[in-house]
Amino acid sequence: MTTVTPGEHSSIQTQSSLLDRLKAGDDTESWQEFYRVYGKLVRDFAIQAGLTDTEADEVVQETAIGIARHLPEYRYDPKVCRFKTWLLNLTSWRIKDQLKKRQRAAALTAEPPPNPGQKSVSSCDNTSRTSAINRVPDPDVANMDALFENEWRRGLLTAALERVKGKFSLKQYQIFDLLVVKEWPPADVARSPGVSIANVYVTKHRVSAAVKKEVKLLEKQFEAGVQFQRS
């Protein structure tokens with residue numbers, strides 16, 4: 001077992017690859033870990049691509065099924081195919097499946113065109129027109145790669161902030177949160193906890209450095225499909 005210690009107040013135990021454990025068989029604990037680490041990423045990506053909450057939940061389930069089906073043939077090799085790219089492809093296919101399913105359902109429920117002699121219905125009263133939910137742009141046009149990358153980075157940052165929060169005092173993290181996350185003016189940030197502006201910038205530098213360090217560590221773990229726990 002390899003132990004990585006990113007800071008004084010917490011440590012990350014890097015265990016065997018989560019993907020390797022999933023390959024080994026029906027491991028409920030490992031699948032729960034997969035959903036915890038990657039489930040939200042997949043779901044948020046699906047939402048950003050235009051799916052509803054229900055459709056996004058189905059994408060998460062179908063993506064997990066696809067991973068389970070293809071895991072035996074998957075070999076982690078960043079030079080050939082990064083795990084992030086593999087996950088992106090699997091998720092993108094499931095999103096497209098959901099959009100096609102939606103289009104088929106809309107086609108079945110659409111009203112037939114009116115008879116030539118029938119009075120036309122105004123655009124405001126036409127209930128058969130495509131609803132907003134069915135006017136989602138094609139995922140290829142919406143740039144799926146960019147959407148996924150954005151959710152990937154956001155997920156890393158959220159996880160990193162959660163870890164860093166326990167390494168600093170409440171006042172230090174509050175200063176960082178107000179200045180960097182909420183984008184308050186430095187003078188207002190200094191007044192809130194009653195510190196100098198110089199102290200605000202020093203705190204920002206220290207917390208930012210810790211966040212960057214955590215993001216790099218998490219990215220390696222996310223990319224390699226590594227299971228990690230706090231000790």
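How many helices and strands does the secondary structure of this protein come to? The answer is eight helices and three strands. Keep in mind that this is a predicted model. Going from the N terminus, the elements run β-β-α-α-α-α-α-α-α-α-β.

**The whole protein**
- The protein has 231 residues, and 38% of them count as buried.
- Take the contacts between residues at least 6 apart in sequence: 71% of these join residues at least 24 apart.

- H2 covers residues 28-48, which makes 21 residues.
- From first C-alpha to last, H2 reaches 29 Å, close to the 30 Å expected at 1.5 Å a residue.
- After H2 comes Gly-50, with a positive phi near 110 degrees.

**Helix H3 and its cover**
- H3 spans residues 53-70, so to speak an 18-residue helix, and reaches 26 Å between its first and last C-alpha, close to the expected 26 Å.
- Its buried residues include Glu-55, Val-59, Thr-63 and Ile-67.
- H2 and helix H4 (83-109) are among what covers the buried residues of H3.
- In general, an α-helix has 3.6 residues a turn, so residues three or four places apart point the same way.

**The nonpolar cores**
- Which residues touch the most other members of the largest nonpolar core? They are Phe-34, Tyr-38, Ile-67, Leu-87, Ile-95 and Val-211, out of 44 residues in that core.
- Helices that each supply at least two residues of this core include H1 (18-23), H2, H3, H4 and H8 (197-224).
- A second, separate core has six residues, among them Ile-175, Val-189, Ala-190 and Val-200.
- Leaving aside residues up to four places away in sequence, Ile-95 touches Phe-45, Ala-46, Ala-49, Leu-51, Val-59 and Met-144.

- Most residues other than glycine have a negative phi.
- Glu-183 isn't a glycine, yet its phi is positive, near 60 degrees.
- You'll find Glu-183 in the loop between H6 and helix H7 (186-191).
- Is Glu-183 buried or exposed? Glu-183 counts as exposed because its relative accessibility is 66%, and the cut-off for exposed is over 50%.

How values were computed. Residues are numbered from 1 along each chain as its sequence is written. This is a predicted model: local features need pLDDT of at least 70, side-chain atom pairs count only at pLDDT 80 or more; totals for chains, interfaces and linings use all residues. Side-chain values use heavy atoms; hydrogens and water are left out. Helices (H or I, at least four residues) and strands (E, at least two) are DSSP runs, numbered from the N terminus. The expected span of a helix is 1.5 Å times one less than its number of residues. Buried means under 20% relative accessible area, exposed over 50%, partly exposed in between (1.4 Å probe, protein chains only). Contact means heavy atoms within 4.5 Å. A nonpolar core is a set of buried Ala, Val, Leu, Ile, Met, Phe, Trp, Tyr and Cys residues joined through side-chain atoms within 4.5 Å.
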